[in-house]
Amino acid sequence: MTTYEAAGVDIEAGERAVALMKDKVARSRRPEVVDDASGFAGLFDASALLRYRRPLLASATDGVGTKVMIAQRYGKHDTIGIDLVAMVLDDLVVCGAEPLFMTDYIACGKVVPERIAEIVGGVAEGCRLAGAALVGGETAEHPGAMGPDEYDLAGAGTGVVEAAELLGPARVTAGDVVLGLASSGLHSNGYSLVRHVVREAGLSLDTVLPELGRPLGEELLEPTRIYSLDCLELARAVDVHAYAHITGGGVESNLSRSLPDHLDALLDRSSWTPPAVFGTLAGHGTIAQADMDRTFNLGVGMAAVVAQESADEAVRVLAARGLTAWVLGEIVPGEGRARYR
């Protein structure tokens with residue numbers, strides 16, 4: 001007799017995975033979360049928005065790209081969910097929105113309950129770090145379409161910002177200062193190039209490179225920094241005009257999106273030293289500087305555009321929160337693009 005299990009789908013394994021992840025998800029709970037007894041939907045008490053004069057809901061969705069392939073090869077699955085949260089919720093905070101809640105979706109070739117629980121545990125931890133609630137998700141088993149050890153994940157998040165406090169290009173003025181907020185490493189972009197370099201250079205993920213001081217696999221899986229609470233606190237403390245989440249495309253491309261069409265961000269490349277992993281990849285892959293610029297964050301995970309008189313205080317506020325920031329450049333008349341001197 002043919003069964004669903006014979007076709008490769010293990011319903012009981014999925015149920016075990018849900019049971020294993022419950023405690024981890026609970027750690028991300030916010031007071032506004034309302035339990036849905038059926039479990040089919042995540043509920044959030046919208047009366048919390050009544051404190052806003054004109055609340056704007058912000059939404060974003062993303063995945064973590066081929067970084068998941070490094071996690072699968074290295075056998076480490078507990079931080080890839082943090083990467084997912086960073087990619088989604090740090091996009092929300094760019095406009096000044098407070099992240100409220102998030103949902104996730106995991107597709108896999110075979111449900112291994114412990115592995116799924118590790119992945120979702122990372123998502124829940126990321127939500128906790130961002131101040132958001134993980135209100136729901138879905139795990140789908142795709143035998144035949146994906147190998148037993150393969151998986152991919154995506155997520156969607158919702159936030160809220162007061163209309164009068166919306167950040168963005170319209171607030172940016174000539175003379176503003178651009179701050180660089182340090183990344184934790186590669187974050188979650190450029191991994192197709194990373195994997196190409198690792199493969200062509202014959203590097204092992206277990207190799208401890210002197211300049212990194214730990215196995216290459218651990219370096220490549222360093223979780224993406226989550227800036228949400230830092231950016232929200234900075235906007236409360238000083239005059240912030242805009243943010244830019246530095247993801248695929250690098251600093252110039254992403255910062256340009258946060259500029260009006262009559263101003264440029266003039267950046268000083270000598271103002272910081274990129275983490276060692278970027279030099280490692282450039283050296284082993286013989287990657288030109290222009291390609292490094294277009295592919296990686298190079299140590300700048302988020303950029304903030306602040307009023308000139310707020311720059312020093314902004315650096316102090318972030319330092320007090322354990323986040324390194326520095327003056328990366330300035331806003332000058334131009335054509336709406338970020339560029340290096």
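Biologist: Which residues lie nearest the centre of the second largest pocket?
Modeller: Gly96, Glu165, Leu232, Ala235 and Arg236 lie nearest its centre, out of 22 residues that line the second largest pocket. On a 1 Å grid over the protein atoms alone, a pocket is an open set of points where a 1.4 Å probe fits, with protein on both sides within 12 Å along at least five of seven lines, and lining residues have an atom within 4 Å of a point.
Modeller: Before we go on, this is a predicted model, where local features need pLDDT of at least 70, side-chain atom pairs count only at pLDDT 80 or more, and totals for chains, interfaces and linings use all residues. Residues are numbered from 1 along each chain as its sequence is written, and side-chain values use heavy atoms, with hydrogens and water left out.

Biologist: Good. How much space lies in the second largest pocket?
Modeller: About 400 Å³. That volume is the space filled by probe spheres set on the grid points, which are joined across faces, edges and corners.

Biologist: And which element gives the most to the lining?
Modeller: Helix α7 does, with five residues. β6 (151-162), α7 and β8 each supply at least two residues of the lining. Helices (H or I, at least four residues) and strands (E, at least two) are DSSP runs, numbered from the N terminus.

Biologist: How do the lining residues divide into nonpolar, polar and charged?
Modeller: Twelve are nonpolar, two polar and eight charged. Here Ala, Val, Leu, Ile, Met, Phe, Trp, Tyr, Cys and Pro count as nonpolar, Asp, Glu, Lys and Arg as charged, and the others, Gly among them, as polar.

Biologist: Staying with α7, what does the helix lie across?
Modeller: α7 (residues 228-237) lies across β7 (177-182), β8 and β10 (300-306), and runs at about 165 degrees to β8. The axes are lines fitted to C-alpha atoms, for helices over the stretch in contact, and angles run from 0 to 180 degrees between N-to-C directions.

Biologist: Serine 228 is in that helix. Buried or exposed?
Modeller: Buried: serine 228 has 0% relative accessibility. The cut-offs are under 20% relative accessible area for buried and over 50% for exposed, with partly exposed in between (1.4 Å probe, protein chains only).

Biologist: What is serine 228 in contact with?
Modeller: Leaving aside neighbours within four places in sequence, serine 228 is in contact with Leu89, Asp90, Val93, Pro99 and Ala130. Contact means heavy atoms within 4.5 Å.

Biologist: OK, sheets now. What's the order of the six strands in the open sheet?
Modeller: β8-β10-β7-β11-β9-β12, with mixed pairing. β8 (240-245) and β12 (338-340) stand at the edges with a single partner strand each, so one side of each has no neighbour in the sheet. The twist averages 30 degrees from one strand to the next. Two strands pair if DSSP finds at least two bridges between them.

Biologist: How many bridges join β9 to β12?
Modeller: Three, and β9 (residues 263-267) and β12 run parallel. Leucine 267 has tyrosine 340 in β12 as its bridge partner.

Biologist: How do β3 and β6 run, parallel or antiparallel?
Modeller: Antiparallel, joined by nine bridges. Alanine 60 stands opposite glycine 157 in β6.

Biologist: Switching to backbone angles, what phi does histidine 187 have?
Modeller: A positive one, about 60 degrees, although histidine 187 is not a glycine. Most residues other than glycine have a negative phi. Histidine 187 lies in the loop between β7 and α5, and counts as buried at 2% relative accessibility.

Biologist: And where does threonine 286 lie?
Modeller: In the loop between α9 (276-285) and α10 (289-295). Threonine 286 has a positive phi too, about 50 degrees, but counts as exposed at 71% relative accessibility.
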